[in-house]
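Here is a short report on one protein and the ligand that sits with it. Look at the structure first, then read on.

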Amino acid sequence: MITFLDDHFSQLNDFLLEKSFSKIFILTDENVHEYCLPVLLGNLDTDIAFEILEIEPGEEMKNVQTANQLWEILTEMQADRQALVINLGGGVITDMGGFVASTYKRGIRFINIPTTLLSMCDASIGGKTGIDLMHYKNMVGTFSFPEQIFVYPKFLETLPFKEVRSGFAEMLKHGLIADKIHWNELTQLPKPDSESVIPHIQTSMDIKQEVVNKDFQEKNIRKTLNFGHTIGHAVESLCLEQGNPVLHGEAVAAGMICETHLSYLEGLISEEESGIIIDALKKYYPYLDISDFSDDAVFALLFNDKKNTDRKINFSLLTSIGSCNFDYQCSEKMIRKALKFYREIN
Ligand code: NAD
Ligand code: ZN
């Protein structure tokens, strides 16, 4: 369940007091500690006791070493099955905290309080938790739902613009795959800064929640949420591997450009509509220089993608703005064309 918090966090206090957890752990990172934790603690009922678990910020922390440290701390602090983990942070914290909570003692309860746009509109919803392994993203994880998601959009006021723009890519994706009106509203914004995106957060969250509700196990329609992510994840991994990390949403924006063009190459969407989408994405996102990546390096990652079986690469592709279909198996030739297209649009 998604709840938008008032300025006193009263819904959160009611929830915590009502459930009487044996212990409450707040997982956060250094930046969120500085910018958001004081707001949360300033509003928390004085009767509520808690422990703070803090990790360094960044995707590099989303690994089994950090998970192990957190499992050990929970053990040392004698967290039992009635304990609660509050994940206060961006997608790294909600993915990591959800994973640690859902595996510790075969699963304890957790709630998400997302503090980035990306975690509000995407990562905190849908029950996917996980960590990275080697340079592969989200290789180990669970499907586990938070007890609740509490959203306080004002947390975005301290988030750097680049991070807001990264989360905006997931909002655009929600419009593209499911809601043309949402897409139209978002693409009218001159700049995706925190102030202008806040009024659109709820619609975007509702779209994701609705898709997940229809297909929690990702057997069919949930796959449409992967639009832009097949190539996007490969780009994200390669940039990281080359010591030039880009934000998730920036990679997904590049992935959406490639996969929109792929939708056109497959005859699913008109040239005109694909042009409108690609122009909008180009307006918001800087071009990522993927000229150093060979097609083979991209394919090596695509074949390792969890969504693929055999040597077939599955894509979710657009059939128009606001509509997406899944399980398209594109040929290597088409994918190479889409990568070439991206390399040449700069
Ligand atoms: P993040 O958690 O690393 O946060 C981005 C940066 O913003 C960090 O430096 C963080 O410390 C800082 N920050 C967070 N809130 C802040 C605030 N209010 N003010 C100032 N600074 C703040 O990254 P993210 O973009 O939120 O999430 C990316 C992660 O989410 C990736 O690991 C990705 O795989 C995952 N993800 C998961 C799902 C899912 O369904 N589980 C979906 C999409 C993305
Ligand atoms: Zn994403």
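pLDDT is the predictor's confidence in each residue, on a scale from 0 to 100. This model is predicted. Its protein averages a pLDDT of 95. In all, 98% of the residues score at least 70. For the complex, the predictor gives an ipTM of 0.99 and a pTM of 0.95.

**Two domains**

The protein is divided into domain 1 (2-158) and domain 2 (161-344). Their centres, taken over C-alpha atoms, are separated by 27 Å. The two domains touch, and the contact takes 16 residues from domain 1 and 25 residues from domain 2. On the domain 1 side, α6 and β7 each supply at least two residues. The largest share of that side comes from α6, with five residues. By type, the domain 1 side divides into nine nonpolar, four polar and three charged residues.

An unreviewed entry places the feature "domain: 3-dehydroquinate synthase N-terminal" at residues 53-165. In the model, this span is 34% helix and 28% strand.

**Around the ligand**

How many residues surround ligand 1? There are 31, and the closest are Asn31, Pro57, Gly90, Gly91 and Thr116. Among the elements that give two or more residues to this shell are α2 (30-35), α5 (91-103) and α7 (161-178). Helix α6 (117-123) and strand β7 (136-143) also give two or more. Both domains take part: the shell draws at least three residues from each of domain 1 and domain 2.

The table sorts the shell by residue type.

| Residue type | Residues in the shell around ligand 1 |
|---|---|
| Nonpolar | ten residues |
| Polar | 13 residues |

**One residue up close**

Now turn to threonine 260, found in helix α12 (residues 248-265). Is threonine 260 buried or exposed? Threonine 260 is buried, because 28 other C-beta atoms lie within 10 Å, and the cut-off for buried is 20 or more. Which residues does threonine 260 contact, leaving aside its neighbours within four places in sequence? They are Ser274, Ile277, Ile278 and Leu318.

Isoleucine 108 gives a sense of distance. Threonine 260 and isoleucine 108 are 152 residues apart in sequence. In space they are 40 Å apart, C-alpha to C-alpha.

Technical notes. Residues are numbered from 1 along each chain as its sequence is written. Chains are lettered from A and ligands numbered from 1 in the order in which they are written. This is a predicted model: local features need pLDDT of at least 70, side-chain atom pairs count only at pLDDT 80 or more; totals for chains, interfaces and linings use all residues. A residue is near a molecule or strand if its C-beta atom, placed from the backbone, lies within 6 Å of it. Helices (H or I, at least four residues) and strands (E, at least two) are DSSP runs, numbered from the N terminus. Ala, Val, Leu, Ile, Met, Phe, Trp, Tyr, Cys and Pro count as nonpolar, Asp, Glu, Lys and Arg as charged, and the others, Gly among them, as polar. Domain bounds come from an automatic or database domain assignment. UniProt positions are given in the numbering used here, feature names are shortened, and annotations may be inferred rather than shown by experiment. Two residues are in contact if their C-beta atoms, placed from the backbone, lie within 7 Å. A residue is buried if 20 or more other C-beta atoms lie within 10 Å of its own, exposed if 12 or fewer, and partly exposed in between; C-beta atoms are placed from the backbone.
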